[in-house]
Amino acid sequence: MSTLITVAYSNGIGPEIMEAVLSILREAEAEISIDIIEIGERVYSKEWSHGISPSGWESIERTKILLKSPTTTPQGKGHKSLNVALRKNLGLYANIRPCISYHPVIENKFDKFDIVVIRENEEDVYTGIEHRLTGDSYQCTKIITRSGSEKICRYAFEYAKKHNRKKVTCLTKDNIMKMTDGTFHAAFDRIAKEYPDIKAEHYIVDIGMARVATEPENFDVIVTENLYGDILSDIVAQTSGSVGLAGSSNIGNEYAMFEAVHGSAPDIAGKNIANPSGLLNAAVHMLIYIGQVGTAKLIYDAWLKTLEDGIHTADLYKEKRSKQKVGTKEFAEAVIDNLGKKPKTLSELIIGSDPNSKVDKIQDNYEQDYKIKKLVGSDITLAWSKPADFDQIVKLFETSNPQIIAIYSKGLAIWPGSSKSSSDQITCRFIANNEITNSDVNNLLIKFEEHNFDVVRMDKLYLYDGKEGFFS
């Protein structure tokens with residue numbers, strides 16, 4: 001029975017690589033039918049800020065599966081990232097990017113490695129929450145949830161279990177971001193205990209990425225947050241020989257999206273030189289997802305055979321290693337000619353021993369981890385263009401409840417003390433000895449306004465079972 005999928009040609013090199021991939025799927029007799037939608041640049045220029053029309057959303061809701069070429073998000077002008085919108089609206093919480101060494105066919109600095117990057121897809125700074133607070137200061141909000149962290153970590157261990165992987169590595173920066181990244185790391189440690197047969201390890205993200213870049217053969221499955229995962233997956237893809245080879249899966253409990261890792265490359269659009277391999281590998285992942293494993297293997301093996309034959313697009317072509325430089329269409333034709341053939345040097349596609357290699361639905365398992373939540377203070381941020389003399393503020397609130405205990409500039413305590421503010425914003429921290437009410441916090445804001453201070457942000461400070469829910 002044919003599976004209906006939504007197909008988006010997008011813009012830049014998207015249309016030509018999508019046509020190349022679809023031609024291979026047709027010749028391989030993939031049991032799919034397609035519903036084509038328009039997304040990307042031309043849709044942005046109309047009235048939909050996310051780059052997708054209502055009819056496009058309706059198609060995806062019907063099919064539950066999207067095969068998508070790269071898109072360009074116009075910079076500025078209020079346009080929002082289409083990928084972020086798709087991932088958030090469709091609940092695509094897991095981004096899976098397998099990155100494999102194709103040595104010795106494709107030149108790289110390493111021999112064999114096979115890494116799967118599993119990236120959290122809905123949280124972190126990619127929520128797109130940003131503010132301009134003052135003339136000089138901008139803010140990007142990082143959101144990490146305990147439930148979302150546990151969900152992606154569980155997915156990573158389930159993926160490892162289903163695909164006979166031996167180790168899962170977690171990357172965070174919790175030595176600096178103790179609450180957000182600390183939450184992710186703690187979730188990883190909790191989930192790892194449920195999978196004693198799979199080795200679990202953690203690295204601070206900077207040294208972790210350095211080790212991945214220099215010793216990729218020592219890594220297996222890597223799970224991390226949204227931003228780190230985006231950077232890491234490109235590093236690993238480039239380490240494999242070309243970022244143009246990597247495909248990506250975006251998986252949720254109801255929907256799935258498959259795309260290439262690389263961008264839309266408008267500078268080479270329409271020139272028949274783009275490498276369709278990334279999107280082709282994404283299509284292979286899609287076929288596995290919908291249960292057409294035999295067809296996926298047929299295409300993947302033909303693609304490997306084409307690489308072994310030295311038939312390469314411009315991004316891979318090396319005079320000493322390659323035999324023929326071809327365009328997008330010609331590369332697809334070569335893959336078609338190799339359908340039914342197997343590679344001799346490169347490893348064939350191996351699916352996990354579990355006949356159902358698709359990870360089962362993973363639900364949010366949020367359980368409140370505290371009994372008593374107590375409001376004890378507030379951080380109030382002011383636009384600050386005055387000399388660094390805080391006596392007026394301190395005197396204004398010397399009898400208030402909560403009391404002012406510190407003033408910060410970009411996280412540095414500048415009062416009490418003699419440090420000078422180097423920013424046009426300051427944050428005043430107020431803490432009470434006992435529980436206070438919302439009215440007490442509001443009274444602080446009112447007093448600031450009455451004395452013509454410009455309040456640009458306010459955060460309430462809580463204790464959770466006596467433990468501070470704030471840090472600095």
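Modeller: Helices (DSSP runs of H or I, at least four residues) and strands (runs of E, at least two) are numbered from the N terminus. By that reading, E29 sits in the loop between α1 and β2 (32-37). The model is predicted, so local features need pLDDT of at least 70 and side-chain atom pairs pLDDT 80 or more, while totals for chains, interfaces and linings use all residues. Residues are numbered from 1 along each chain as its sequence is written, and side-chain values use heavy atoms, without hydrogens and water.

Colleague: How many helices and strands are in the chain?

Modeller: The chain has 13 helices and 20 strands. Its C-alpha atoms fill a box of roughly 85 × 50 × 45 Å along the principal axes. Of the 472 residues, 52% count as buried (under 20% relative accessible area; exposed is over 50%, partly exposed in between; 1.4 Å probe, protein chains only). Among contacts (heavy atoms within 4.5 Å) with a separation of 6 or more, 75% join residues 24 or more positions apart.

Colleague: What span should helix α5 have, and what is the distance between its end C-alpha atoms?

Modeller: The expected span is 1.5 Å times one less than the number of residues. For the 17 residues of α5 (residues 146-162) this gives 24 Å, and the end C-alpha atoms are 24 Å apart, in agreement. Of the 17 residues of α5, 15 are buried. After α5 comes N164, which has a positive phi near 55 degrees.

Colleague: Is N121 buried or exposed, and which polar contact does its side chain make with another side chain?

Modeller: N121 lies in the loop between β5 (114-120) and β6 (130-132) and is buried, because its relative accessible area is 3%. A polar contact is a pair of N or O atoms within 3.5 Å; within protein, one must be able to donate a hydrogen and the other to accept it, and sequence-adjacent residues count only if both atoms are side-chain atoms. The side chain of N121 makes such a contact with the side chain of N250, at 2.9 Å. A polar atom of the N121 side chain also lies 2.9 Å from the backbone oxygen of L92. Beyond four places in sequence, N121 touches R87, L92, Y93, A94, N95, N226 and N250.

Colleague: Which residues does C140 contact beyond four places in sequence?

Modeller: C140, in strand β7 (residues 138-140), is in contact with V125, I129 and E130. The C-alpha atoms of C140 and I129, eleven residues apart along the chain, are separated by 5.9 Å. C140 is partly exposed, with a relative accessible area of 39%.

Colleague: Where is the cis peptide bond that involves P104, and what is omega for the bond from N401 to P402?

Modeller: H103 and P104 are joined by a cis peptide bond with omega of about 5 degrees; P104 is in the loop between β4 (94-100) and β5. The bond from N401 to P402 is cis, with omega near 10 degrees, and P402 falls in the loop between α12 (391-396) and β16 (403-409).

Colleague: What is phi in E29 and in N452?

Modeller: E29, a residue other than glycine, has a positive phi near 60 degrees; E29 is exposed, with a relative accessible area of 64%. N452, also not glycine, has a positive phi near 65 degrees. N452 lies in the loop between α13 (438-450) and β19 (454-464) and counts as exposed at 69% relative accessibility.
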